[in-house]
Amino acid sequence: MTDFQLNAQLQELTKHHTVTLPVACYETTIQANVHGYIPLHWHEELQWIVVLQGEAQFQVNEEYMTVSKGEGLFINQAQLHGAKDDAKNPCIYRCLNVSPLFIMSNELYAAYVQPYLQANSYMRLTKSTSWSNQVLSHLQAIYTLLETKHPLFEFDLTIHLTQLWKEMIIGFQQGIALRQPIQNERMKQMLQWIHTHYAETIILENIAQAGQLSRSECCRYFKRILHTTPLQYVTDYRIRKSLTYLQHYNVTEVAYEVGFNSTSYYIEKFKERMGQTPLAYKKSIASKDEMEA
């Protein structure tokens with residue numbers, strides 16, 4: 001995957017599964033993403049990640065952690081998460097996305113799935129504990145099944161998925177997972193507002209009101225969770241949105257389309273963020289498209 005299409009609520013729109021098999025497994029090279037990193041997003045599916053190469057710094061809500069080759073991460077339903085890596089140690093990871101409703105039958109869902117969907121935001125997966133080591137083994141088995149798809153493979157897949165979830169419950173019950181930050185929903189509300197109104201004139205008070213916070217508390221949220229200021233996030237998001245527009249419009253049109261009040265300021269901020277001018281980026285995209293044609 002090289003891009004994450006998000007709606008205004010930061011929900012990922014990519015369809016990872018079908019109705020008949022609500023499970024998907026895919027690989028992601030972080031630096032191949034159009035942004036050069038995986039932006040914050042969320043989805044209704046449960047997600048398991050296994051790092052195949054290098055290491056990456058993952059963010060889940062306000063928590064940051066480094067995950068290296070051979071290690072993994074479980075991200076619960078509807079949690080804000082993203083990832084970055086170092087150019088000197090690029091990361092490739094495999095994802096398994098599963099609809100919670102596919103984990104167990106309706107009769108067992110209420111007792112063995114539902115209670116854990118909001119219990120914890122994420123869990124690290126290493127070989128240092130029996131339950132997480134078993135989870136990693138089942139993830140590999142599920143990947144192999146989805147690759148080979150031998151006759152009746154769905155039966156084996158559901159068996160491994162059930163056993164995987166059993167090990168996850170053991171991990172939950174051992175209290176290894178971290179708390180779910182109560183700030184998650186307010187952060188989502190503020191980011192949702194920015195993603196809806198980014199092309200308009202935005203002041204700090206607008207963002208704070210979206211999260212029902214004071215301006216100072218709003219700034220503390222952004223500094224603690226995203227390590228930036230609210231207005232810097234707005235600028236970064238506008239630049240991210242402009243990457244798509246640059247494929248179809250000239251630089252001046254794009255600048256005003258994404259909310260900058262002057263072309264020169266857009267060029268200045270784009271170069272700070274991307275290391276090149278918007279025009280240079282536009283030409284590089286056109287050249288790449290011609291080579292692939």
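Biologist: Which way do Gly 72, Leu 73, Phe 74 and Ile 75 point from β6, and are they buried or exposed?

Modeller: Gly 72 and Phe 74 point one way, Leu 73 and Ile 75 the other, and all are buried. Buried means under 20% relative accessible area, exposed over 50%, and partly exposed in between, with a 1.4 Å probe and protein chains only. This is a predicted model, in which local features need pLDDT of at least 70, side-chain atom pairs count only at pLDDT 80 or more, and totals for chains, interfaces and linings use all residues. Residues are numbered from 1 along each chain as its sequence is written, and side-chain values use heavy atoms, without hydrogens and water.

Biologist: How do you know that β3 and β6 pair?

Modeller: Two strands pair if DSSP finds at least two bridges between them. β3 and β6 have 4 bridges, in the antiparallel sense. Ile 49 stands opposite Leu 73 in β6. β6 is also joined to β9 by 4 bridges, again antiparallel. There, Gly 72 has Leu 125 in β9 as its bridge partner. Strands are DSSP runs (E, at least two residues), and helices are runs of H or I with at least four; both are numbered from the N terminus.

Biologist: What makes β1 and β9 edge strands?

Modeller: The open, antiparallel sheet has the order β1-β8-β3-β6-β9. β1 (23-29) and β9 (122-125) each pair on one side only. Neighbouring strands here are turned by 20° against each other on average, direction ignored. Inside the order, 7 bridges join β3 (residues 46-53) to β8 (residues 92-98).

Biologist: Which strands does helix α3 lie across?

Modeller: Helix α3 (residues 130-148) lies across β1, β3, β6, β8 and β9, at about 90° to β9.

Biologist: Why do β2 and β5 stand at the edges of their sheet?

Modeller: That open sheet has 4 strands in the order β2-β7-β4-β5, with antiparallel pairing. β2 (38-41) and β5 (63-68) have a single partner strand each, so one side of each is left without a neighbour in the sheet. β4 (residues 55-60) is joined to β5 by 6 bridges. Phe 58 stands opposite Met 65 in β5. Helix α7 (residues 215-226) packs on this sheet, touching β2, β4 and β5. Contact means heavy atoms within 4.5 Å.

Biologist: How are α8 and α10 oriented to each other?

Modeller: Helix α8 (residues 230-245) and helix α10 (residues 263-274) pack at about 90°, axes 10 Å apart. The range 65 to 115 degrees counts as roughly perpendicular, under 35 as roughly parallel, over 145 as roughly antiparallel, and the rest as oblique. α8 and α10 are therefore roughly perpendicular. Axes are fitted to C-alpha atoms, for helices over the stretch in contact, and angles run from 0 to 180 degrees between N-to-C directions.

Biologist: Why is the pair of Tyr 198 and Tyr 237 given its label?

Modeller: Rings of Phe, Tyr and Trp (its six-membered ring) pair if their centres lie within 6.5 Å; planes under 30 degrees apart are stacked, over 60 edge-to-face, and the rest tilted. The whole structure has 15 aromatic pairs. In this one the centres are 5.5 Å apart and the planes at 80°, so it is edge-to-face. Tyr 198 lies in the loop between α5 (184-197) and α6 (204-210) and Tyr 237 in helix α8, so the pair ties together parts 39 residues apart in sequence. Tyr 198 and Tyr 237 are buried.

Biologist: Which residues form one aromatic cluster with Phe 74?

Modeller: Trp 48, Tyr 116, Trp 165 and Phe 172.
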